[in-house]
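Q: Can you walk me through this one? I'd like the packing first, then a few side chains.

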Amino acid sequence: MGKMKHQGPIKATKMPQPKHWVSPIPFGLGKVKPKHIRDTMKVAWENKDNLSYATRILTQGVCDGCALGVSGLQDQTLKGPHMCTTRLNVLRLSTMPSIKKEILHADIDELRKFDSTDLRKLGRIPYPLIRRKGERKFSRISWDEAMETIAQKMKQLDPRQYAFYLTSRGITNESYYVAAKVARFLGANNIDNAARICHSPSKTALKRSIGVGASTANYQDWFGADVLLFWGSVASNSSPVSTKYMLEAKKRGTKIIVVNPYKEPAMDKYWIPSNMESALFGTKIADDFYQVNIGGDIAFMFGIMKHWFDMEKQEYGSAINHEFVRDHVNGYAELKTQVMKISWEEITKSSGIAKERIIDLSRLLANSKNAVYAWALGLTMHAFATDNISQVANLALLRGHLGRKNNGLMPFRGHSSVQGSGEMGADPFVLPGGGFDEKTIERIEKVWKFEVPKWQGDICGISLENIVLPEDHERKIKLYYMSGGNFLETMPDPHFIKKALSELEIRVHQDIILNTSTLVDAKEAVIVLPAKTRYEQDGGGTSTSTERMVYYSPEIEGNKNKVEEARSEWKIYIDLAKRVKPETAYLVEFETGQEIRNEIALANPDYEGIQHLKNRGDVFQWGGAWLCEDGICNTPDGRGNLISVDIPDFGKKEGQFVLTTRRGKQFNSMIYKETDPFNNSERYDVLINAKDAHDLSIAEGEGIVVYNGFGVFQGRAKFAEIANGNLGVHFPEGNFLLPRGRYEKFAGIPDYNITVSVEKADRYNARKDVQYQEKRIEELEIDVPE
């Protein structure tokens, strides 16, 4: 029997259901909520100089916002038009004119007065730029001179001394693929992408647990599941169209449970602008919230399993799907032994959730024939992230919630096309369609017809640290080539990042806009290359959604503000290869996007079918409707693996807090509003539990200082429904409190959580000279070679 195929979009339930309404008062008047209609009018006004092109992007292109995969105004989940503010916010990147020359060529210190939001609003990069050592301004150069400068430098360096990085801003599968191929052709394996700092642990965990690195389910599987469990995710903020799917699921009887330290208002109550019923009366999204401690998820899940095994003592088969476990799962006895050894005291202390509450959820899952488990950065941005997600997989495997309709494991990705980055090989641990193992290398060498370098490349965090190695070190990174991205605002310890970026001999920014890291000095030169957007890419391009749908987005004509000198990203990589290795560059030559897709289908067998995507709306799903169909996993023995993990210890001392970073009204590091419309919090507000604040005599709105051995954050107390002993600050503002060099051991994601102390600002500042300031600066200076 062949794999089941996705059925395509279905009709939404039309009948209003008042039981899900937030309020009978129309439009949520008087409530704190997003003002979607006003925001939409504002976006139209912003794009007024290029309105017909903006409209074409929305109606013909595949959304370059989140990873739901809306093509034009339609998707594969529900019939009817879909539109959201995330997509409208990023629209201007594709329609705006280029930066005015007098601003672009102003003194560098003038440009440095702008933050990233202001820099983005200046417009697009019009032509290649260079700023050499000691120069105060960017100068215009030709493409030829820019590429020749980069190529000459690469020829002088050992390929271990340069690195590539590709962000997730609408970059297509074609560009990821060509970048991955060119990097290996040049002899370099230091190539990484934005998944490293968001969902890389999802892939490593799912690979070891069930043998696949992607969502096993579809959004349609939410409709008819008994339970949809959202873990550490604010899907309504990162992927607003998903709220339509949640409403549909609720109307069909699905219970939505949210596990998150902060009771995110957008997962509690939401007004969905493109659904009349919800736009008027709002939708109560979550049926229940479990406010787990930051990092307490593993213990919480142990509690769920512990109660399952207690239920089993009373009645065999009441909680564990024994038939599924017997036929499809390894490691049952070992996991059971481990779970039974863990005490309820350990579970409740680490998770912060009462035993009775854990038992409620345990029973609900035990009585659910179907469940979908979805998670986002709340589980992945930890030093123990792979274990977090394998623990989620443990729950699904014990219940048999896998490989069939209305069930599955779903890493909820926030960015269009980031799913494709690793599948195309733009990652140090993978090649197209496989890992970085002998078998895959051999297979890819046959397709590529050249030898792939065999040394292990580094992840972006390590590459950044390697910039400050001693001069003669063979892995000292001297040239960094970046397609988008802003490490200053996405990595921990921005002080160090700034130092590292400035120690590079040559830094290349291939991008649409300037950001704060573009303006940092370099030892020899900073080179800026203007890239085309997804919608201008020659021959169109494809992107892969969370549910493994590969969508074709055509080249869209009619841009009034066209940047004449911008080039398609994949074409720039090929130009580079021709200059560094002219004799053999024919091996990486592609004339058209179609040629690239033809080769992707050969290089990654999962993508067989991509070569047939040629017209607007063309789409196929790799792997079929469900991965691990009928419980058969993609592991060597075809069985899923229950993985025994440990409860992590933050080493939190009495009176300390655990802090996490959250996104407000933003798209990755791009901030679109200074105030979060869901909770009225501003960028320097610190979310704190009112009882914790009271114990420290802190009033709401009062200045407070959050500090540890790595940094100091001055903000204001904002009382919020967050679990006791936990704090929330905005990303990237809070990144100064995070140390560099702490990576998750399997996936290499940086740790975005840390223990901190909190004090009233006046008290802290009165004593800081004596107690903190000296020590902190000393620590910062310890291990940064000059």
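A: A term to start with: buried means under 20% relative accessible area, exposed over 50%, and partly exposed in between, with a 1.4 Å probe and protein chains only. This is a predicted model, in which local features need pLDDT of at least 70 and side-chain atom pairs count only at pLDDT 80 or more, while totals for chains, interfaces and linings use all residues. Residues are numbered from 1 along each chain as its sequence is written, and side-chain values use heavy atoms, with hydrogens and water left out.

Q: Which residues of helix α27 are buried?
A: In α27 (residues 593–603) they are Gly593, Ile596, Arg597, Glu599, Ile600, Ala601 and Ala603. Helices (H or I, at least four residues) and strands (E, at least two) are DSSP runs, numbered from the N terminus.

Q: Which residues touch the most other members in the largest nonpolar core?
A: Ile150, Phe164, Trp308, Leu409, Tyr481 and Leu529, out of 120 residues. Such a core is a set of buried Ala, Val, Leu, Ile, Met, Phe, Trp, Tyr and Cys residues joined through side-chain atoms within 4.5 Å.

Q: Where does the largest share of this core come from?
A: From helix α14 (residues 297–314), with 9 residues. Another core, of 41 residues, lies apart from it and includes Leu504 and Phe713.

Q: Switching to rings. How many aromatic pairs?
A: The count is 26, taking rings of Phe, Tyr and Trp (its six-membered ring) with centres within 6.5 Å; planes under 30 degrees apart are stacked, over 60 edge-to-face, the rest tilted. Tyrosine 684 and phenylalanine 713 form a stacked pair, 5.6 Å centre to centre with 20 degrees between the planes.

Q: Is phenylalanine 713 buried or exposed?
A: Buried, at a relative accessible area of 3%. Tyrosine 684 is partly exposed, at 43%.

Q: Last one: what does the side chain of aspartate 287 join by a polar contact?
A: The side chain of lysine 250, at 3.1 Å. A polar contact is a pair of N or O atoms within 3.5 Å; within protein, one must be able to donate a hydrogen and the other to accept it, and residues adjacent in sequence count only if both atoms are side-chain atoms. Aspartate 287 lies in the loop between β8 (283–284) and β9 (288–290).
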